[in-house]
Amino acid sequence: MDHKMFSPQPIGYVRSPYTRTHDIPKGFGAKHDAEGILEILPQFAAGLTDVEGFSHLFVLWVFDRSEGFELVGTPPIDDRPHGVFATRSPRRPNPIGLTVVELLRRESSSLHVRGLDMLDGTPILDLKPYLSSIPTETLRRGWLDEAEARRAK
């Protein structure tokens with residue numbers, strides 16, 4: 001089997017009100033309603049053609065200020081350890097973030113969005129239209145539901 005790796009390059013950068021990690025809302029009931037801009041580099045601007053028809057976008061981005069990783073850790077919103085792949089921890093083997101944002105409007109190669117949870121200057125790897133065919137009632141939230149139930153007691 002040939003395992004080809006690639007070297008990702010940013011397609012743009014996030015303009016966010018957050019300049020420090022601890023400013024970003026975390027934990028139960030955290031509201032991600034911060035507005036900002038996804039600034040796409042000129043050489044990738046043609047890729048935005050027709051993006052304004054979508055209400056929400058997936059943003060793939062880099063935890064560019066995170067160092068190292070841990071496979072098991074205790075998140076700030078629980079008192080029990082969980083595997084990194086069952087959390088949204090920035091300390092990952094490949095420091096890739098995924099966020100769904102609401103697209104408010106497009107101005108040329110700048111996308112004005114709501115729902116940012118990344119730091120100002122964060123490199124963007126990719127954008128995709130948010131599409132989901134999974135009915136809400138069939139989604140499971142794993143350990144988060146259990147942790148919320150413990151906290152409610």
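**Note on the predicted model**

1. The accessible surface of the protein is about 10,300 Å². Carbon and sulfur atoms hold 54% of that surface. Areas follow the Shrake-Rupley method with a 1.4 Å probe, and for residues only the protein chains shown count as cover.

2. This is a predicted model: local features need pLDDT of at least 70, side-chain atom pairs count only at pLDDT 80 or more, and totals for chains, interfaces and linings use all residues. Residues are numbered from 1 along each chain as its sequence is written, and side-chain values use heavy atoms, with hydrogens and water left out.

3. The protein has 8 strands and 1 helix. Their order from the N terminus is β-β-β-β-β-β-β-β-α. Helices are DSSP runs of H or I with at least four residues; strands are runs of E with at least two. Along the principal axes, the C-alpha atoms fill a box of roughly 50 × 35 × 35 Å.

4. Of contacts between residues at least 6 apart in sequence, 78% join residues at least 24 apart. Contact means heavy atoms within 4.5 Å.

5. Of the 153 residues, 31% are buried (under 20% relative accessible area, 1.4 Å probe, protein chains only).

6. Look at Phe63. It sits in the loop between β3 (56-62) and β4 (72-73). Its relative accessible area is 16%, so Phe63 counts as buried. Beyond neighbours within four places in sequence, Phe63 contacts Arg88, Ser89, Pro90, Arg92, Pro95, Ile96 and Gly97. Phe63 and Ser89 are 26 residues apart along the chain, and their C-alpha atoms are separated by 9.8 Å.

Methods. Buried < 20%, exposed > 50% of the residue type's maximum accessible area, 1.4 Å probe, protein only.
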